[in-house]
Amino acid sequence: MAAKFEKVSDGKYQLDVQGYVCPHPQIYTKKALEKLASGDTLDLVFDNPSSGESISAMCATEGNDIVSQVQDAGKAMRWTIRKG
Amino acid sequence: MTESVACTTEGVGAATSRANALRAAAVVGFFVLVSAGTIITDARYLYFSAYLWFGFIYGASLQYGRFCMASAVRDLFAVGVPRMAVGIMIAVVLFSLVSAAVTVAGKSTFHASPIGLYSLVGGAIFGFGMVFTGGCATGSLYKTGEGSVSALLVVLSLSFAQALFVDIGGVLDAVVPASWTASAAAKNMPAELSVTAGWYDQFLAGYVWNLKSVVVGDALGFSSPAAKAFIGNSLVNAVLPALVLLVAIYAIWYRKGWLRKNKLTAPTAGAEVRGWWSMVTASKRTAIAGLVLGVAAGLQMWVMQTLQQKFGISNAGELLTAMGITEGLSLQETVFDPGYFYVTTQEAQGAAWVLAKLGVNLDDNIFFGMENGIPSPLANPVLWMSFSVIGGSMFMAFLANEFKLKMPTLEIATWAIAGGILMGIGSRIGMGCNIGAFFATVTNGDPSGWIFLAGMTAGGWVGVKFFNWWIERKMAKEAPLGF
């Protein structure tokens, strides 16, 4: 299994890091966001709850907006992040 | 069909599903049954239950706040997130204040560790290892409660690594300084421990035992017990260093983003204070968990000391003897019984007990044979605390719909085991982990914990550098867009 980082359409990317535990999801997210241009969005899928707190704090610090957060009960978290 | 729920930016704000509410109730019910059932059998099991319920509170708080000391160091360096470092400093301040009150009341169970470079070395190995595991020793316990099998692998590898490391001899004996061997031999230890064979025995008896411990309140010469505890131990050794670290963390990792977000180019002193406070309160969950952990850890010392007085004991070994349980006691008829929040040693005992059942003799060393014993898990009150940390976390994870049985990939399992082994080695060299060698020490006037933290931070920094290199190398090969 590997992390999946793909371009879905213009300005829209997806990162799937399901199955990974700390610190992988937050490091992958940081590196993926560095690839995006301002205004691009990243659909992030992860299933490690504690990574969510770090990613949320990282976005606040770096000025990226978490546009939506959805949790599949007991499964995955799906967040959309717009790069600031 | 996928059952989706909206989340808040603080994490999960979803209503607990009925099934998960029942599972959470079952977890509590199990621990209530264990607690009540054993106390009905013998009232002295109250001592075990005290450890158990404090462990449950720790586990629930850790899961609620995603409170993992590994991330304090790792996330700071890896992704520039200070929330966990902030949470830990809040817990340190609270724990130190409650500890001071407990000390003044004559209810402290704390014993200071010797001051020495071993803390730096142990902390560095521990810090390096914990970058790869996804959690520190307590973090791995609470993540096990969330259903993470990789966290369970960390706990197991950390436990067995410790158990074997304290008994290992052979080639490691060759690197023991002659002065340690001579000093250990001069201690006239019981012959069955064979302290001049096995490097860890010589490390303890020939080096660590020769070092001096320091309690800041005593060293500063205060005559009043309250001044010793509140000014020396709490203010000087915990609160002021924590505040200095919080200011440094704000300046290095938080200030720039906060000023940008608030469109401030020439901030006033008041704005800087508001920015600092914004950092402290940025993650309410973490701050609340830090507060609960700090207060509970202090209260646990008070409760354990009160129970020791009630039962007329100074160590759980005496209690076990009175209960007719003598198997697994040390030569001093003691078992590991710190009387406060501690992780790692009890897990080493659990692993040693399993190995002993498989025919591996591990009681001919100081660590198990003379100091801590190898009681069965059922007769090990401190190990009850570790189990209930998992239980408390599982309870909270069910309530938050976050429990998920997650099997690791081979890659994650490899990281977990390798990191866990390093954490086990580091915790034995450093005389504890981020809890026993840092959190419990700096909050009780013992500066050795700051040395451990310095080592853990340095090890964590090197670990993050290595991990970043590894991920970039891996993703350059595997991901379509690379990293």
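This is a predicted model: local features need pLDDT of at least 70, side-chain atom pairs count only at pLDDT 80 or more; totals for chains, interfaces and linings use all residues.
Which residues make the nonpolar surface patch of about 680 Å²?

Residues are numbered from 1 along each chain as its sequence is written, chains are lettered from A and ligands numbered from 1 in the order written, and side-chain values use heavy atoms, with hydrogens and water left out.

1. The patch is made by B:Leu97, B:Val104, B:Leu220, B:Phe230, B:Ile231, B:Leu235, B:Val236, B:Leu240 and B:Leu243. (Patch residues have over 30% relative accessible area and no salt bridge; nonpolar side chains are joined within 5 Å. A salt bridge puts a Lys or Arg side-chain nitrogen within 4 Å of an Asp or Glu carboxyl oxygen. Areas are Shrake-Rupley, with a 1.4 Å probe.) Two elements of chain B give two or more residues each: helix 4 (83-104) and helix 11 (225-261). Helix 11 of chain B gives the most, with 6.

2. B:Leu235 sits in helix 11 of chain B. B:Leu235 is partly exposed, at 36% relative accessible area (between buried, under 20%, and exposed, over 50%).

3. Over in chain A, A:Thr29 belongs to helix 1 (residues 24-35) and is buried, at 0% relative accessibility. Leaving out residues up to four places away in sequence, A:Thr29 touches A:Leu15, A:Leu42, A:Leu44, A:Ile55, A:Met58 and A:Ile81 (heavy atoms within 4.5 Å).

4. A:Ser9 stands opposite A:Lys12. In this hairpin, with 2 residues between the strands, A:Gly11 takes a positive phi near 75 degrees.

Key. Two strands pair if DSSP finds at least two bridges between them. Helices (H or I, at least four residues) and strands (E, at least two) are DSSP runs, numbered from the N terminus. Patches are made of residues with over 30% relative accessible area and no salt bridge: like charges are joined within 9 Å, nonpolar side chains (Val, Leu, Ile, Met, Phe, Trp, Tyr) within 5 Å. Buried means under 20% relative accessible area, exposed over 50%, partly exposed in between (1.4 Å probe, protein chains only).
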